[in-house]
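Keep the sequence and the 3D view open as you read.

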Amino acid sequence: HTSRVTCLVFLENLNQLASGGRDAAIKIWNLDDGNCIHTLTDHGASIWFLTTHPYGGVLSGCDDTTIKLWDPKAGVCTKTFSG
């Protein structure tokens, strides 16, 4: 991250950690070696909320008034909710 980290969520089934920050990025971290696997940058403002989706994936919310569903394995946004 290039700015303050604001939220974290543990991805137990993947042994990974997702972190969100004021730099509008979400990073997916491998807990075995500590390396960043993906940097997700589709949001346009600070990330304030991360949680896991019960069927897989990570949900994020931020100041750009969107919620996004991410595939942490592929490192892509699969759905955006606006409004």
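Predicted model: local features only at pLDDT ≥ 70, side-chain atom pairs only at ≥ 80, totals over all residues.

Residues are numbered from 1 along each chain as its sequence is written, and side-chain values use heavy atoms, with hydrogens and water left out.

## The sheet

Start with the terms. Strands (E, at least two residues) are DSSP runs, numbered from the N terminus. Two strands pair if DSSP finds at least two bridges between them.

An open sheet is formed by 4 strands in the order β5-β6-β7-β8, with antiparallel pairing. β5 and β8 (76-82) stand at the edges with a single partner strand each, so one side of each has no neighbour in the sheet. From one strand to the next, the twist averages 20 degrees (axes are lines fitted to C-alpha atoms, and angles run from 0 to 180 degrees between N-to-C directions).

Now look at β5 (residues 47-52) and β6 (residues 58-62). These two run antiparallel and are joined by 5 bridges. Thr51 stands opposite Leu59 in β6. Phe49 has Gly61 of β6 as its bridge partner. Together β5 and β6 make a hairpin with 5 residues between them. In the turn, Gly56 has a positive phi of about 105 degrees.

## The core

A nonpolar core is a set of buried Ala, Val, Leu, Ile, Met, Phe, Trp, Tyr and Cys residues joined through side-chain atoms within 4.5 Å. Buried means under 20% relative accessible area, exposed means over 50%, and partly exposed lies in between (1.4 Å probe, protein chains only).

The largest nonpolar core has 13 residues. Ala18, Ile26 and Leu50 have the most contacts inside it. β1 (5-11), β3 (26-30), β5 and β6 each give two or more residues to this core. The largest share, 3 residues, comes from β1. In soluble globular proteins, nonpolar side chains tend to be buried together.

Take Leu50, which sits in strand β5. Leu50 counts as buried because its relative accessible area is 8%. Contact means heavy atoms within 4.5 Å. Leaving aside neighbours within four places in sequence, Leu50 is in contact with residues including Cys7, Val9, Ala18, Ile26 and Val58. The C-alpha atoms of Leu50 and Phe10 are separated by 9.6 Å, and the two residues are 40 residues apart along the chain.

Ile26 touches Leu50 too. Leaving aside neighbours within four places in sequence, its other contacts include Ala18, His38, Ile47 and Trp70.

How many disulfides does the structure hold? It holds 0. A disulfide is a pair of cysteine sulfur atoms within 2.5 Å. For Cys36, the nearest cysteine sulfur is that of Cys7, 14 Å away. For Cys77, the closest is in Cys62 at 11 Å, which is too far for a bond.

| Residue | Relative accessible area | Class |
|---|---|---|
| Cys36 | 32% | partly exposed |
| Cys77 | 23% | partly exposed |
| Asn15 | 29% | partly exposed |
| Thr65 | 53% | exposed |

## Two positive phi values

Most residues other than glycine have a negative phi. Asn15 has a positive phi, near 55 degrees. Asn15 lies in the loop between β1 and β2 (16-21). Thr65 also has a positive phi, near 65 degrees. The place of Thr65 is the loop between β6 and β7 (66-71).
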